[in-house]
Amino acid sequence: MDGAFGRCIASPLFTFSVGPNQREFTLHSGPLADLSPALHALMNGEMIEAKVRRAEWPDVDEDTFIRLAEYAYLRDYTPPMCSRRSSNTNGYPEKALEDSTEDLINATYQKSKKKGLTRISNGNHDDEPPPSVVETSPPVIAPPAPAPHGGQIVVEEPALGGLELPLRERIIWSRHLCYKFSSINFSLDTHEMAAKAFAPQGNKRTEEDFTPVFLGHARLYVLADKYGIEPLQQLVLHKLKQTLQNFKLCAENVTDIAELVRFTYANTPCLVTRKDQLRTLVTMFIVYSLGRLGDDESFQDLLGEGGDFVVDFWQAVWV
C-alpha cells in the first residue's frame, strides 16, 4: 500500500504489556519501530520480543506509553493534565494567581527606581549591571539592585493578596540568571513547532497540583532517552520549558517543582563530558526562580538532600 499512512496500517501488529497492572496495548508496529533503531530492533529484529510480537514494559506507566504512541502516529503528544490538591477541603473558593516571576521582577525593579532604591555601591547610585552580566540579555528582565554588604533590598511589591511568593533579591543579579533559563533552546522541526493544538498551559489557581504535569513530561523524556528517540526528547524539553515559563510560583506549589527536580536527578544519568538536557533545564529554572525560592522550606529541604542537583545548581549560580 502506497503512502506513509498506508504502510503504517499495513505493518504487523505488536502488543505491549504496560505498567504494574500489565495492561495490554496492541498497535501497528510501523510507527513505533520507525522512531529509533532500538525500537526497530525490539519489534522487527532478532530479539525474542520480535519473534513473539510482544514486549513487557512493567516500568512504564500507561499514560507515558499512550503519549509515546500518540507521538509515533502524530509526531506530537497531548500535554499531561494537572490535578486538584487534596488539601483544599475547607470549602473556600479557589485563589487565582497573578503575574509571572518575570513580570514581578520588572514591576519590582520599576517601583524600586521610583522610590530611589536602586543599587548602591560605595555610597553611589548605580543602575548599570556589573561587567559580568551579558549585555545581550533580554532587556525586559531588568535586575532589581542588591543592597550594600549583601543585605536584603527593601522594595514594595505589587499587591497579590499574599498568594505568590515574595521576590527577595540579594547580591545575585536576577537579569543574568533569568537569561540563563530564557536562552535555552531545543531543536524542533517545523512540523513539531507548528502543532499549536498540543501547546502546554501554565497554572491559574493555587489548588492546581502540577506535579502530574511536570512528571508526565519528565517520564516521557526518560523513556525517549532510553530508546534513543532524540526528536521526542527535544519536543518534551520544549513543552516542559513552555510549561515552566507559564508556571506561577506560590507557597503551595513549590513542592511541585521540588518533585520534578527529584525525579529528574533520580532517573537521568550523570554524564562525564556534558550535562543531561533535562537536568540543565530544571536547574536553570530553579536558578531563574531563586529570588522566590530562597527562603522557602521545601526548597531548602531539597538543597539539604545534596547530590548532583546541588552541585549543578551551585555551578549555574556561580559561573
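**Close-up views of aromatic and charge–ring contacts**

The protein has 15 helices and 7 strands (DSSP runs numbered from the N terminus: helices are H or I of at least four residues, strands E of at least two). This is a predicted model: local features need pLDDT of at least 70, side-chain atom pairs count only at pLDDT 80 or more, and totals for chains, interfaces and linings use all residues. Residues are numbered from 1 along each chain as its sequence is written, and side-chain values use heavy atoms, leaving out hydrogens and water.

**View 1. F210 and F247 form a tilted aromatic pair.** The structure holds 13 aromatic pairs (Phe, Tyr or six-membered Trp rings with centres within 6.5 Å; planes under 30 degrees apart are stacked, over 60 edge-to-face, the rest tilted). F210 sits in the loop between β7 (208–209) and α9 (211–226), and F247 in the loop between α10 (230–245) and α11 (254–267), so the pair ties together parts 37 residues apart in sequence. F210 is buried, at 3% relative accessible area (buried is under 20%, exposed over 50%, partly exposed in between; 1.4 Å probe, protein chains only). F247 is buried too, at 2%.

**View 2. Ring pairs build an aromatic cluster.** Its members are F14, F16, F25, W57, F65 and Y227.

**View 3. Charges sit over the rings of Y71 and Y77.** R75 lies over the face of Y71, 5.5 Å from the ring centre. K239 lies over the face of Y77, at 5.0 Å from the ring centre. The criterion is NZ of Lys or CZ of Arg within 6 Å of the ring centre and within 35 degrees of the ring normal.
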